[in-house]
Amino acid sequence: MEPTNTGHPDYFHKVVDCQWACPAHTDVPEYIRLIAQGRFTDAYMVNRHSNVFPGILGRVCDRPCEPACRRGRIEDKPVAICRLKRVAADHRDDVVSLLPKTPKRKNGKRIACIGAGCASLTVANDLLPLGYEITMFEQWGQAGGLMRTNIPSFRLPAEVLDEEIALIVDRGVDLRLGARIDSMQNLLDEGYDAVFVGTGAPKGKELDLPGRRAGAANIHIGIDWLESIAFGHIESIGRRVLIIGVGNTAMDCCRSALRLGATDVKVMARKPRQYFKASEWELEDAEEERVAIVINHSPKRFVIENGKLTGMAFDVLEYDLDAGGRITGERVLREEFVAADDVILAIGQENAFPWIESGLGIEFDKWHVPTVDLKTFQSTRPGVFFGGDSAFGPKNIIWAVEHGHQAAISIHNHCQGKSVADRLAPGVNLHSRKMGMHEWSYANDYNPAERRLMPHVSLKERFKKIDIEVELGFTVEQVAAEVQRCLNCDVQTVFSAKLCIECDACIDICPVDCLTMTPNGTEAELRGRLKAPAANLTQALYVSEPLKFTQRVMVKDEDLCVHCGLCAERCPTAAWDMQKSTILWPQAVDEAEADHKALARTA
Amino acid sequence: MTFMAKPKVRHPSLPKNSLGLTRRDYEGSMSTLCAGCGHDSITAAIIESCWGLALEPQNVVKLSGIGCSSKTTAYFVGGGHGFNSVHGRMPSIAMGANAANRDLTYIGVSGDGDTLSIGLGQFCHAIRRNLNMLYIIENNGVYGLTKGQFSASADVGTQAKKGEVNRQPPIDPVLLAMTLGAPFVARSFSGDKEQLVPLIQAGMRHRGFAIIDVLSPCVTFNDHEGSTKSYAYTREHYDAAVNADFIPFAREITADYSAGESLPVVLHDGSRIVLKKIAPGYDPTDRIAAMAQIQAGMQKQEFLTGMLYLGRGDREFHDLNDMPQRALNSIPYEQLTPGSRAMDKILARFR
């Protein structure tokens with residue numbers, strides 16, 4: 001293998017599994033260390049730099065970081081990254097004075113953001129400090145978008161939402177509430193320098209089965225129903241409720257139903273559990289509340305008697321699975337009737353743009369999804385950008401935030417007359433963590449503690465009101481234990497082949513056998529003959545330059561390194577060093593700074 | 001050294017031996033030697049060897065004298081029996097323990113000072129008695145604990161850290177052991193576990209006195225230019241003469257050893273050492289010729305390494321002394337100690 005190019009910004013970034021998995025590339029280990037030091041405000045600001053809404057995401061993020069967490073490969077359970085984020089948000093001081101200031105003198109460019117959800121808010125957050133004038137249009141009377149309408153308040157309290165939205169809006173957004181945009185043409189005629197569409201995926205999918213129309217009074221579209229609860233339009237539901245679908249919206253629906261008076265709630269799934277779309281922890285939370293999850297039931301028809309819904313008929317299915325767990329065949333065993341007073345459909349949602357006229361140069365594909373560039377988020381009409389669920393269909397908040405960051409860069413470039421595709425590349429900085437003899441400026445000792453369990457409000461208490469937040473947040477003791485589970489994957493093992501005397505000290509001391517000195521070979525062949533076979537192909541091998549005495553190479557399998565630093569501690573020549581990698585993931589402000597520098601050079 | 005202990009966390013797919021133990025289960029306490037010390041690598045090789053042979057930790061005896069090397073017995077097989085003796089007196093303790101219980105596996109770890117200076121006499125007599133043990137010399141050419149004075153294995157012309165040149169000729173433990181008739185003599189290097197681990201395994205399984213002289217650079221006092229025991233010098237001047245593959249009794253021979261340069265030797269327990277000759281004309285079963293070749297190499301500043309001599313059919317200490325087949329500690333007291341009346345009878349024969 002060729003020596004690993006650790007100068008490439010992606011190499012060490014990938015080693016920090018959580019940060020690489022996070023769409024917004026939040027510097028997770030850094031903020032966990034700050035929490036460990038009790039520096040909650042600083043931890044919050046590290047978060048906010050990347051993900052803008054730490055308080056919200058600390059409660060409801062889909063946490064792509066946690067399945068990626070290295071700890072989950074060493075033990076069973078990853079670090080509770082998401083809930084530690086909430087700790088930073090809950091215990092922070094006022095951060096208003098720490099946020100970038102909005103300049104009094106504007107740069108003369110006006111931007112329209114449609115929708116006041118997480119994507120639009122992120123665009124505003126990034127562009128306000130650069131002097132842009134942001135006008136944000138929201139159809140409802142409150143900002144927040146799907147974060148407000150689709151996430152129940154027992155998971156995300158309204159105060160948390162209000163506070164983090166205010167941190168952006170109060171810095172000078174011209175927020176127009178109750179201002180639904182019905183015509184893109186009209187908006188474009190107003191002469192904005194750029195338009196950002198962040199309207200989400202507000203259309204719930206329909207289930208067109210016999211009886212749908214006759215039973216309409218008791219059949220609800222999940223996201224519309226949740227929206228009505230959020231705005232206080234619905235306050236009750238029948239005793240027996242069926243939820244069709246088993247995604248995260250279904251989980252929010254079934255738990256909301258319990259709080260509106262239902263006592264018998266069943267989530268009806270077509271397939272076995274391993275095919276569920278809902279996150280494992282959301283399923284657990286629903287099951288804790290005694291929601292029944294029924295598998296292998298395929299909806300057949302709504303059963304209506306005397307003009308009223310009495311339940312639903314299902315085909316009970318049986319599946320053939322192959323060795324890999326894939327479905328190879330299915331059979332109907334029988335039909336089954338399940339009684340219900342109300343049925344809620346939670347089988348997906350899509351974006352919808354009835355208000356964008358044809359002939360504007362904004363193209364859609366055959367599924368009515370806009371044609372949007374994956375990197376620049378620009379539509380086929382220059383100056384019109386899409387982000388969040390409206391761009392590529394439903395994902396989750398953290399994706400929408402990153403779309404917002406990227407779209408903000410594009411909007412800046414577009415307004416400054418630069419090519420939107422011409423963007424700053426990511427970078428990486430490395431700094432040694434060596435303090436002195438046997439001292440590293442991070443807690444390098446491996447802590448065998450198990451993942452802390454989030455305490456919940458008792459089952460008796462939590463149903464009394466719709467907005468009692470179920471999760472109580474970690475206690476001080478839990479925080480103290482959980483932060484030490486983080487392996488500090490951003491404190492990288494950096495190797496310098498010319499210093500190595502091939503004494504084997506690092507190899508002997510490595511607790512997880514990730515180091516080997518061996519003759520070089522091809523990657524496939526090397527992976528098989530390391531001290532412990534490197535079976536995880538998603539994790540890189542770090543290969544050194546040839547060593548000076550034997551021409552062998554030092555190979556590190558990044559997969560299970562616990563970043564304990566013992567290789568560096570044991571190295572007599574400091575060929576190994578522990579260096580913190582800081583990933584530089586450019587935002588609009590960095591583009592603006594680069595512009596200034598370029599200008600200063602030419603002047 | 002470090003104050004940071006190796007954490008217990010381990011690679012989840014670490015292989016297990018027939019006892020269900022991983023390599024990590026054969027570790028001992030935290031090493032307090034200098035970072036980069038060759039001795040730590042030898043410790044790792046011993047751990048690997050014990051794991052590979054699936055030794056039950058409670059059946060392992062670790063013996064040592066005084067010195068950096070002698071500290072290392074604390075760093076492997078934490079579940080074994082350990083004895084840290086007076087300087088240079090490890091062979092006596094090994095002798096006594098072995099006499100009392102012949103069923104255990106004895107590993108002695110000593111240094112060039114402990115073996116070749118203060119303990120030279122003890123070393124020689126352990127060989128004469130053909131004590132059934134593995135004797136490892138961690139050889140770095142200096143007294144590390146007392147800050148780097150030349151030891152008895154320092155080569156003529158080698159320089160100390162501050163520049164003094166050694167003028168006294170070295171004692172070579174390999175040649176000495178061969179002269180005294182040791183049946184298993186090997187030399188290796190701490191930085192070459194591929195060679196060292198099979199030698200340690202073979203030495204533990206071999207019946208009789210097995211000695212491995214392991215060149216083990218002292219990273220603090222003897223790893224500079226001008227030293228003949230530095231990592232760099234050793235890497236340049238060590239030459240494998242004969243490598244050994246150790247094949248435990250139960251395992252089938254899978255590699256192809258039919259080539260004329262391989263020689264399988266069956267040990268008393270049925271396991272085999274397959275000798276793979278590397279240096280042309282070197283015969284590890286011909287003691288006289290081997291000694292000549294080793295000496296010739298040394299004159300050219302070349303250290304021949306590997307399985308340098310393997311004798312056959314030697315009788316170990318218990319055979320030489322008509323000892324019972326059972327361990328003495330398993331023989332009932334009455335049988336072991338016939339009592340004062342029997343003693344009187346024996347004494348009467350000399351009156």
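1. Which residue of β11(B) is the bridge partner of V265(B)? That partner is I273(B). A quick reminder before going on: this is a predicted model. The pair belongs to an antiparallel arrangement in which strand β10 (residues 262-266) of chain B is joined to strand β11 (residues 272-277) of chain B by 5 bridges. The hairpin they form has 5 residues between the strands, and G270(B) takes a positive phi near 95° there.

2. Staying with chain B, its secondary structure amounts to 12 helices and 12 strands. The radius of gyration is 21 Å, close to the 20 Å that the globule rule gives for 351 residues, so chain B is as compact as a globular protein of that length. The C-alpha trace of chain B spans about 70 × 50 × 50 Å along its principal axes. Buried residues account for 49% of the 351 residues in chain B. Among contacts in chain B with a separation of 6 or more, 72% are between residues 24 or more positions apart.

3. Now the contact between the chains. Chain A puts in 26 residues and chain B 24 residues. On the side of chain A that touches chain B, the elements giving two or more residues are α20 (505-509) and α22 (566-570) of chain A. That side of chain A divides into 17 nonpolar, 2 polar and 7 charged residues.

4. On to the cores. The largest nonpolar core has 139 residues, and those touching the most other members are I35(A), A124(A), L127(A), F196(A) and I397(A). Helix α17 (residues 397-415) of chain A supplies the largest share of this core, 9 residues. A second, separate core has 71 residues, including M90(B), Y106(B), I200(B) and A290(B). As for I35(A), leaving aside neighbours within four places in sequence, its contacts are F40(A), A43(A), L84(A), V87(A), A88(A), V479(A) and V483(A).

5. Helix α9 (residues 118-127) of chain A is worth a look. Here 10 of the 10 residues are buried, so the helix is largely enclosed by the rest of the structure. The buried residues of α9(A) include S120(A), T122(A), N125(A) and D126(A). Also on that list are A124(A) and L127(A), both named above for their contacts in the largest nonpolar core.

6. Strand β20 (residues 515-518) of chain A pairs with β22(A) in the antiparallel sense over 4 bridges, and T518(A) has V553(A) as its bridge partner. Strand β21 (residues 541-543) of chain A also pairs with β22(A) in the antiparallel sense, over 3 bridges. There, Y542(A) is bridged to K556(A).

7. Two backbone spots in chain A to check by eye. R63(A) is not a glycine, yet has a positive phi of about 40°. R63(A) sits in the loop between α5 (54-60) and α6 (65-68) of chain A, and is buried, with 24 other C-beta atoms within 10 Å. D504(A), likewise a residue other than glycine, has a positive phi near 80°. D504(A) lies in the loop between β19 (491-495) and α20 of chain A, and is buried too, with 23 other C-beta atoms within 10 Å.

Definitions and conventions:
Residues are numbered from 1 along each chain as its sequence is written. Chains are lettered from A and ligands numbered from 1 in the order in which they are written. This is a predicted model: local features need pLDDT of at least 70, side-chain atom pairs count only at pLDDT 80 or more; totals for chains, interfaces and linings use all residues. Two residues are in contact if their C-beta atoms, placed from the backbone, lie within 7 Å. Ala, Val, Leu, Ile, Met, Phe, Trp, Tyr, Cys and Pro count as nonpolar, Asp, Glu, Lys and Arg as charged, and the others, Gly among them, as polar. A residue is buried if 20 or more other C-beta atoms lie within 10 Å of its own, exposed if 12 or fewer, and partly exposed in between; C-beta atoms are placed from the backbone. A nonpolar core is a set of buried Ala, Val, Leu, Ile, Met, Phe, Trp, Tyr and Cys residues joined through C-beta atoms within 7 Å. The radius of gyration is taken over C-alpha atoms; the globule rule is 2.2 Å times the number of residues to the power 0.38. Two strands pair if DSSP finds at least two bridges between them.
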